[in-house]
Amino acid sequence: MADPNTGSGVLPREGIRLALTATDKWDAIRQSGALLAELGGVEDGYPETMLERERSVSTYIGEGVAIPHGTDASRALVRRTTLGVLQFPDGVDWDGNPVTICVAIAAKGDEHVTVLSALAQILMDPRQAERLRTSSSVEDVYELLESIGKGLEV
């Protein structure tokens, strides 16, 4: 069960980082991978697969959001489904698209489908997407995204 002080096992409050800077998308992806590792969601090697994924398929999804994640083969390096949210208020150039939010994902098995579907439902509402991009409150971001982990926790 989730600790109410830290949040969901999938999206802990300490996994929400606001007001960051990144030199480019590669730096943002490295920061995303480091956060997933810090949260204990992935084993060594997973963050590098996030860079590999980006080299083959862009993780930019629109609305100023990218979802850095590893390759299909890297699922073996995932300890537990984990999300991290990194906000870059000044934006990061993602191949010509400005990204202000990276939602880093490491998912066990097919749980990525549930995670991505829940994230898409939130981002389909332009007001919620804007709230995510501009929030200065960890609690606000947590409340907006906490539903993503529902049904995935043991």
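Contact here means heavy atoms within 4.5 Å, and helices (H or I, at least four residues) and strands (E, at least two) are DSSP runs numbered from the N terminus. The model I am presenting is predicted, so local features need pLDDT of at least 70 and side-chain atom pairs count only at pLDDT 80 or more, while totals for chains, interfaces and linings use all residues. Residues are numbered from 1 along each chain as its sequence is written, and side-chain values use heavy atoms, with hydrogens and water left out.

I begin with helix 1. The helix runs over residues 25-38, and its 14 residues should span 20 Å at 1.5 Å a residue, the expected span being 1.5 Å times one less than the number of residues. Its end C-alpha atoms are 20 Å apart, which agrees.

Which residues of helix 1 are buried? They are K25, A28, I29, S32, G33, L35 and L36, where buried means under 20% relative accessible area, exposed over 50%, and partly exposed in between (1.4 Å probe, protein chains only). These residues cover an arc of only 160° around the axis, which puts them on the same side of helix 1; the arc is that of the directions from the helix axis to the C-beta atoms. Their cover includes strand 1 (16-17), helix 2 (46-56), strand 4 (82-94) and strand 5 (97-106).

Just after helix 1, G40 takes a positive phi of about 80°.

Finally, L20 lies in the loop between strand 1 and helix 1. L20 counts as partly exposed because its relative accessibility is 21%. Leaving aside residues up to four places away in sequence, L20 touches Q31, L86, Q87, F88 and P89.
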